[in-house]
Each structure stands twice: as C-alpha cells, then as structure tokens.
Amino acid sequence: MVDGDEAQDLIEPLISGLAEDPLWSTFLERLLRRARADYASIVFRPLPFGPERNRVVHLYAGQASPPGVSQLYHDILHAIDPLPYQDMVEGRVYRLGELLVSGDPAHQAYFDRFLVPSGMKVLRMLRVAAPSGVSAWLTISRREDPFDEATEALLAGLAPYFRAALTAHVAQERERISARVASEAIRRMNFGWLTLDREGRILDADPNGARLLAGP
C-alpha cells in the first residue's frame with residue numbers, strides 16, 4: 001500500500017525535475033516505485049509554441065510499449081485514440097474504465113491492440129492545466145493487479161504540485177524561445193550588447209558582441 005505521507009517524497013523531485021534532463025526523470029522513477037507500477041509517464045499535448053518537434057513531450061519510466069506496438073500507435077492508432085484527454089476534469093484521477101466505453105468497438109480495439117500489448121490493462125490518469133491553457137497528463141499503469149485507493153489518493157495529492165511545476169516549465173520554455181528568437185534577430189542585424197565599467201573596460205558581452213569585438 002502507498003502511504004499518504006509518501007507524497008511528500010515526490011514533491012521535491014517534482015520541483016527539482018524542472019532542471020533535469022530528461023525532465024522529471026527522478027520524479028517518475030520514484031513514482032514508479034511508490035505506486036508499484038510497471039510504467040509511469042508525463043505527456044504534454046501539445047505545447048502551443050516553438051518548433052513542431054517540441055510540441056509533444058513524452059517522458060516515462062518503467063516498461064515502455066514494445067517497438068512494434070509503439071510504431072503501430074504512431075502510424076495508425078494515435079489517429080483513433082479514443083481516450084477523452086481534453087474532457088477529463090482537471091485535477092481528478094481517472095480509472096481506465098471511466099475513460100473507455102464498454103461495448104464500443106473502437107474503444108475495445110484500442111484496448112486490445114495497444115493497451116494490452118503495452119502492459120497497460122490497469123491504468124490511472126490525472127490531468128492538470130497551467131493558467132496558460134497547456135495541459136499535461138500523468139499516468140501510471142500495471143499489467144494485471146489493480147491499484148488501491150491509497151495510490152489514487154497519492155496521485156490526487158500531487159495535482160497542485162504537478163500543476164505548479166507545469167506552469168513553471170511552460171513559462172521557462174516561453175522565455176527560452178523568446179530569447180532564442182531575439183538572439184537570432186540580433187545576429188541577423190549584425191549587432192550585439194556590451195557592459196562597460198566607468199573606465200570603459202568591458203565587463204560582459206553577448207556572443208554577437210564578442211564576435212564583433214574580435215573583428216573579421
């Protein structure tokens with residue numbers, strides 16, 4: 001059973017994970033152990049800015065889908081993925097039975113062709129949203145044994161901290177992209193910036209300013 005107090009052990013890596021590469025790797029590994037799950041993931045769908053390749057972020061720990069199943073998802077199944085991601089109530093933990101409609105052929109096909117061979121027959125999912133509107137989904141899954149109520153309470157308890165971490169990450173990415181665009185504009189205009197002391201000595205310079213000082 002997962003103790004409610006163990007949520008505290010996950011808050012620190014959820015915050016410090018903003019500086020990790022990959023993001024939140026320690027948090028996901030620790031959550032995997034706490035929940036005794038086979039798989040744990042964070043997915044952003046999608047980031048609304050930046051290059052297309054950066055718009056979907058998938059971070060995970062544990063047993064990923066087999067390569068053939070993963071390829072099938074990217075080629076075909078992602079287009080018919082029936083899980084109601086955007087309709088999930090923010091901050092609420094969902095069971096798989098609440099996300100798939102029993103008796104629906106499309107939902108059953110998704111379960112049989114992707115979730116079962118991926119070892120995700122038992123699943124819990126939480127959606128949080130940053131004030132900017134960006135959502136992220138935290139998922140844990142097992143091949144067989146159901147999760148207990150304490151594990152669901154653990155995920156629910158993490159929601160405000162996960163939301164805060166997501167908000168900080170989105171803000172960081174926005175600032176990083178803005179700085180990159182500004183830097184490229186400055187480079188194309190062939191000027192840079194310098195910081196001088198009272199005697200006119202150079203204290204600091206951006207890469208473009210240093211390059212211009214160095215001359216041809």
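## Elements of the chain

Helices (H or I, at least four residues) and strands (E, at least two) are DSSP runs, numbered from the N terminus. By this rule, the chain holds 7 helices and 7 strands. Read from the N terminus, their order is α-α-β-β-α-β-α-α-β-β-α-β-β-α.

The model is predicted: local features need pLDDT of at least 70, side-chain atom pairs count only at pLDDT 80 or more, and totals for chains, interfaces and linings use all residues. Residues are numbered from 1 along each chain as its sequence is written, and side-chain values use heavy atoms, with hydrogens and water left out.

## Burial and contacts in the chain

A residue is called buried under 20% relative accessible area, exposed over 50%, and partly exposed in between (1.4 Å probe, protein chains only). Of the 216 residues in the chain, 40% are buried.

Contact means heavy atoms within 4.5 Å. Among contacts between residues at least 6 apart in sequence, 58% join residues at least 24 apart.

A pair of aromatic rings is described by the distance of the centres and the angle of the planes. Rings of Phe, Tyr and Trp (its six-membered ring) pair if their centres lie within 6.5 Å; planes under 30 degrees apart count as stacked, over 60 as edge-to-face and the rest as tilted. The count by this rule is 6 aromatic pairs. In one of them, the rings of Trp 24 and Phe 44 are stacked, because their centres are 6.0 Å apart and their planes stand at 15 degrees. This pair links distant parts of the chain, 20 residues apart: Trp 24 is in the loop between helix 1 (7-16) and helix 2 (25-35), and Phe 44 is in strand 1 (residues 39-44).

Trp 24 is buried, at 0% relative accessibility, and Phe 44 is buried, at 0% relative accessibility. Together with Phe 162, Trp 24 and Phe 44 form one aromatic cluster.

## Backbone features

Most residues other than glycine have a negative phi, and most peptide bonds are trans. The peptide bond from Asp 21 to Pro 22, however, is cis, with omega near 5 degrees. Pro 22 belongs to the loop between helix 1 and helix 2, and Trp 24 lies in the loop between helix 1 and helix 2. Phi of Trp 24 is positive, near 55 degrees, in a residue other than glycine.

Arg 36 has a positive phi near 55 degrees, and this residue is other than glycine. Arg 36 is placed in the loop between helix 2 and strand 1. With a relative accessible area of 59%, Arg 36 is exposed.

## Helix 3 and helix 5

Two packed helices are described by the angle between their axes and the distance between the axes. Axes are lines fitted to C-alpha atoms, for helices over the stretch in contact, and angles run from 0 to 180 degrees between N-to-C directions. The axes of helix 3 and helix 5 (residues 105-115) come within 10 Å and cross at roughly 140 degrees. Helix 3 and helix 5 are therefore oblique to each other; angles under 35 degrees count as roughly parallel, over 145 as roughly antiparallel, 65 to 115 as roughly perpendicular and the rest as oblique. Val 69, Leu 72 and Tyr 73 of helix 3 make the contact with Tyr 110, Arg 113 and Phe 114 of helix 5.

Ser 65 sits in the loop between strand 2 (57-62) and helix 3 (67-75). Its relative accessible area is 18%, so Ser 65 is buried. Leaving aside residues up to four places away in sequence, Ser 65 touches Ser 70, Phe 114, Ser 118 and Met 120. A polar contact is a pair of N or O atoms within 3.5 Å; within protein, one must be able to donate a hydrogen and the other to accept it, and residues adjacent in sequence count only if both atoms are side-chain atoms. Such a polar contact, of 2.8 Å, joins the side chains of Ser 65 and Ser 118.

Glu 144, in the loop between strand 5 (135-142) and helix 6 (149-189), is exposed at 53% relative accessibility. The side chains of Glu 144 and Lys 121 are joined by a polar contact of 3.4 Å. Val 89 is in the loop between helix 3 and strand 3 (93-95) and is partly exposed at 46% relative accessibility. The C-alpha atoms of Val 89 and Arg 127 are separated by 7.2 Å, while the two residues are 38 residues apart along the chain.
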